Amino acid sequence: YEAVVIKSRDQGETWERRTWIPPGYSWFFGFPRATRLEDETLLYPLYASRRDGGCDGLLFRSTDAGETWNLHRATPRIGSEWALVEVAPGQVLGHIRHGYAWGDPEHPRIYTLEIWSADGGKTWTYPVETRFQGYPNHLLRLKDGRILCTFGYRRKPMGVRALISEDQG
């Protein structure tokens with residue numbers, strides 16, 4: 001598998017395709033959820049299986065509008081489906097789906113982990129478990145500075161739920 005970035009330089013008239021294959025990995029997966037930071041840095045999270053059998057949370061990071069990308073190992077294998085939001089310049093909050101019972105939404109160990117970066121996504125804190133369950137998450141910084149977290153709730157009654165943080169997550 002390879003990472004693919006498709007970019008237009010002429011308002012969508014033509015498109016360029018660029019690919020990367022992370023060395024040492026047999027597969028990786030991500031959702032089209034790149035996050036643009038205030039300084040124009042782009043962050044694209046994914047998770048991957050190493051050829052030695054382990055798994056990692058990875059992050060592609062670009063500081064030149066996607067011309068070049070650097071790959072960072074952000075976390076040991078802890079989950080999938082990242083959501084990122086910049087809560088203050090260079091300070092990034094991440095939520096990661098974590099669970100051992102794929103396909104079983106009633107399993108008690110499917111929850112969200114929280115991680116932080118204070119340097120624009122170069123390094124990350126150790127993940128900690130949140131007090132809510134649901135996936136996938138989406139994080140959005142509102143105009144007034146509050147952080148909105150929406151997520152699918154996969155237990156009865158099923159639906160979409162939302163949390164609001166008034167202290168930057």
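Okay, a definition to start: when I say nonpolar patch, I mean residues with over 30% relative accessible area and no salt bridge, whose nonpolar side chains are joined within 5 Å. And keep in mind that this is a predicted model.

So, which residues make a nonpolar surface patch here? Val-4, Ile-6 and Trp-15 do, and the patch comes to about 320 Å². Val-4 sits in strand β1, which covers residues 3–7. Its relative accessibility is 35%, so Val-4 counts as partly exposed.

Now the sheet I wanted to show you. Three strands make an open sheet, and the order is β12-β13-β14, with antiparallel pairing. Going from one strand to the next, the twist averages 20 degrees.

Let's zoom in on β12 and its partner. β13 runs over residues 147–153, and five bridges hold the antiparallel pairing of β12 with β13.

On to charges. Side chains of opposite charge can pair when their charged atoms come close. How many salt bridges turn up in the whole structure? The search finds five.

One of them is Asp-144 with Arg-146, where the closest N and O atoms are 2.8 Å apart. Asp-144 is exposed, because its relative accessible area is 51% and the cut-off for exposed is over 50%. Arg-146, at 28%, is partly exposed. Elsewhere, salt bridges with shared partners link Lys-7, Arg-9, Glu-16 and Glu-67 into one network.

Glu-16 has a relative accessible area of 35%, so it's partly exposed.

Another salt bridge is Arg-36 with Glu-40, with 3.1 Å between the closest N and O atoms. Glu-40 is partly exposed too, at a relative accessible area of 44%.

That's my tour, so over to you for questions.

Key. Residues numbered from 1 in each chain as written. Predicted model: local features only at pLDDT ≥ 70, side-chain atom pairs only at ≥ 80, totals over all residues. Heavy atoms only, no water. Pairing = 2+ DSSP bridges. Helix = DSSP H or I, 4+ residues; strand = E, 2+ residues; numbered from the N terminus. Axes fitted to C-alpha atoms, helices over the stretch in contact; angles between N-to-C directions. Patch = residues over 30% accessible without salt bridge, like charges linked within 9 Å, V, L, I, M, F, W, Y side chains within 5 Å. Areas by Shrake-Rupley, 256 points an atom, 1.4 Å probe, with all protein chains shown as cover. Salt bridge = Lys/Arg side-chain N within 4 Å of Asp/Glu carboxyl O. Buried < 20%, exposed > 50% of the residue type's maximum accessible area, 1.4 Å probe, protein only.
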